[in-house]
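Here are my notes on this one, as numbered points. Have the viewer open while you read.

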Amino acid sequence: MDTITVTPKAAGPMSNSKQPKGKLLTGTSNLPQILYGCEHLEPLFAERRKVLVQQYTNIIQTIHERHNIISQTHRSSLNGDGSPVLTIAPTYMCLQCVGVFTPELRDEHFEAKKHAFSVESKHGCVYCQQCKDFIYDPMLENVRLLQGRKKRKLEETMTPEDHRLVAQHSTFAPCRAIGLRGLYNMGQTCFMSVILQCLIHNPFIKAFYLGEGHTSKDCDKESCTSCALDEIFTEYYSLEKTEGYGAVSMLLGSWMGAQALAGYQQQDAHEYMQFILNNLHLENGGSDSGVDSDGKAADCTCLIHKTFSGKLQSTVTCDKCRNARSTIDPVMDLSLDLRFQAKKRKLEKDDDGGADKEKDKAFALDLRDCLDRFTAKEKLAAAEYTCPNCKTQQNASKQLSIKKLPPVLPIHLKRFETTKSSSTKLDTKIAFPLTLDLYPYTTRARSSSSSSSSSTNTNTTTTNGSTSPNPANKNNSSSSIVAPPQTCPYELASVIVHKGKIDSGHYVSYSRKGSDWFLFDDSKVVLASEADVLRAEAYLLTYVVRSLEG
């Protein structure tokens with residue numbers, strides 16, 4: 001495990017409001033005099049200012065004065081033939097050569113040529129590959145606003161309102177302010193720190209708060225945990241610091257929000273996650289009514305429900321009449337039982353002749369085993385179920401499935417068990433993948449699996465388990481056509497680990513930043529490998545959907 005060593009700069013002024021993201025020079029103009037769009041543009045301007053400005057001017061003129069086919073055509077990378085391809089999506093024109101690229105090819109071009117700056121083809125905005133963001137440069141912005149024609153001062157094209165907006169928002173963001181900071185332990189607060197790190201590195205939560213979704217200045221609620229989270233994002237993404245941060249406002253807001261959290265005793269991270277998500281739901285426009293203005297059932301549209309809310313379907317089928325009844329319940333996470341699966345694997349390993357490293361690996365419990373059992377059919381005795389169709393008690397089967405998948409799915413592995421007499425922790429090793437396909441556990445997948453096995457007279461089953469009409473029923477059907485397999489890939493984003501005993505342990509977490517993984521241990525942040533992550537004794541896993549399209 002490699003340690004990130006960074007020499008911190010002198011701490012800047014602290015403030016509860018949004019900090020300026022750059023270095024401004026004070027001048028006589030009403031408009032802040034920003035030196036450069038970003039720190040990576042400065043050395044390039046020092047070497048080739050005239051050439052770059054002329055190249056940018058040519059690109060802007062191409063966008064506004066020539067047919068848009070030119071700026072929307074790039075060279076294909078398929079088969080290496082370099083044939084021209086027209087696209088309706090924005091392309092990127094390199095500011096340092098004459099290439100036109102899609103976002104994917106732009107990234108490859110940067111890796112190959114180290115050309116960091118490109119111009120977006122729709123509006124002419126400059127993108128910095130190293131900042132991973134669009135940048136505002138006063139000289140290039142003047143060219144863009146004038147569409148590459150005559151030279152005029154930028155202030156002549158802007159209104160007083162424009163000056164005010166630029167002064168407030170168009171400032172330089174240090175590239176090292178990327179959210180990689182630890183949280184000081186303020187007395188058994190590691191349970192809070194690991195949940196906050198997961199939220200900070202959640203792409204949907206981050207986009208909301210960095211997009212001014214909730215600001216402290218616009219909120220008058222006392223001890224607001226959403227304001228506290230906004231302050232953390234401000235600190236993490238606008239100030240170039242590497243030391244830890246004391247989340248005092250969040251701790252006080254948590255104490256005020258739940259009496260059970262007050263004090264310095266250790267708490268359960270999963271319970272704290274449920275608390276903070278409910279608090280953020282209420283503080284960001286969420287409603288507990290669950291009905292719309294017409295009195296009909298409605299889904300909450302707050303940030304938290306848009307990000308975490310899924311639906312679980314429970315279907316009970318009578319063994320006698322096959323009558324099925326389904327109920328749908330909202331869920332914010334999945335809690336998977338480990339004890340039954342752990343006992344089953346232990347018996348299998350004992351029957352196979354004891355323990356060695358290879359057998360331990362072969363009989364390791366897998367997250368997908370737990371999901372299989374979670375969505376498997378469960379037998380109900382007649383004493384537990386009364387069939388509404390038969391009007392009598394009947395044997396039945398019950399099955400859970402995921403009716404609606406959320407964009408972000410936390411999975412809780414139930415390692416702790418508390419009874420009246422004792423509390424125990426299950427230390428079973430659980431293997432989990434970096435990419436998890438959740439489609440097999442959905443209602444659609446379970447329903448198609450059941451219907452395909454029971455309808456063989458009218459349907460044929462394809463190689464991927466989906467059903468298609470029997471070829472005998474249609475003259476023009478082809479039995480060789482196989483539908484592509486359906487998948488719902490989710491990428492691992494965070495892992496929370498509980499170390500030690502149930503009453504005296506410590507929480508740490510892993511979170512992914514781009515393609516890199518980092519270990520967060522209170523105020524310490526170190527680079528970690530994928531192997532480190534996959535070896536962790538997970539307690540909470542967070543998976544994020546790979547794509548929202550389709």
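1. Ground rules before the strands: two strands pair if DSSP finds at least two bridges between them, and helices (H or I, at least four residues) and strands (E, at least two) are DSSP runs, numbered from the N terminus. The model is predicted, with local features needing pLDDT of at least 70 and side-chain atom pairs counting only at pLDDT 80 or more, while totals for chains, interfaces and linings use all residues. Residues are numbered from 1 along each chain as its sequence is written, and side-chain values use heavy atoms, with hydrogens and water left out.

2. Start with the open sheet of five strands, ordered β6-β5-β7-β8-β9 with antiparallel pairing. Its edges are β6 (100-101) and β9 (133-135), each pairing on one side only. Strand β5 (residues 92-94) runs antiparallel to β6 and is joined to β6 by two bridges; M93 has V100 of β6 as its bridge partner.

3. Helix α1 (residues 41-65) lies across β5, β7 (117-120), β8 (126-128) and β9, at about 25° to β7. Contact here is heavy atoms within 4.5 Å; axes are lines fitted to C-alpha atoms, for helices over the stretch in contact, and angles run from 0 to 180 degrees between N-to-C directions.

4. There is also an open sheet of four strands, in the order β11-β10-β15-β14, again with antiparallel pairing. The edge strands are β11 (324-331) and β14 (378-380), each of which pairs on one side only. Ignoring direction, neighbouring strands of this sheet are turned by 30° against each other on average. Three bridges hold the antiparallel pair of β14 and β15 (residues 396-404), with K398 in β15 as the bridge partner of E378.

5. Lining the largest cavity are, among others, I195, N202, M273, F308 and T542. α6 (190-200), α10 (269-283) and β27 (538-545) each supply at least two lining residues.

6. N202 also turns up at the start of helix α7 (residues 203-210), where a side-chain oxygen of N202 comes to within 3.0 Å of the backbone nitrogen of F204. After α7 comes E212, with a positive phi near 60°.

Conventions:
On a 1 Å grid over the protein atoms alone, a cavity is a set of points where a 1.4 Å probe fits but cannot get out, and a pocket is an open set with protein on both sides within 12 Å along at least five of seven lines; lining residues have an atom within 4 Å of a point. A polar contact is a pair of N or O atoms within 3.5 Å; within protein, one must be able to donate a hydrogen and the other to accept it, and residues adjacent in sequence count only if both atoms are side-chain atoms.
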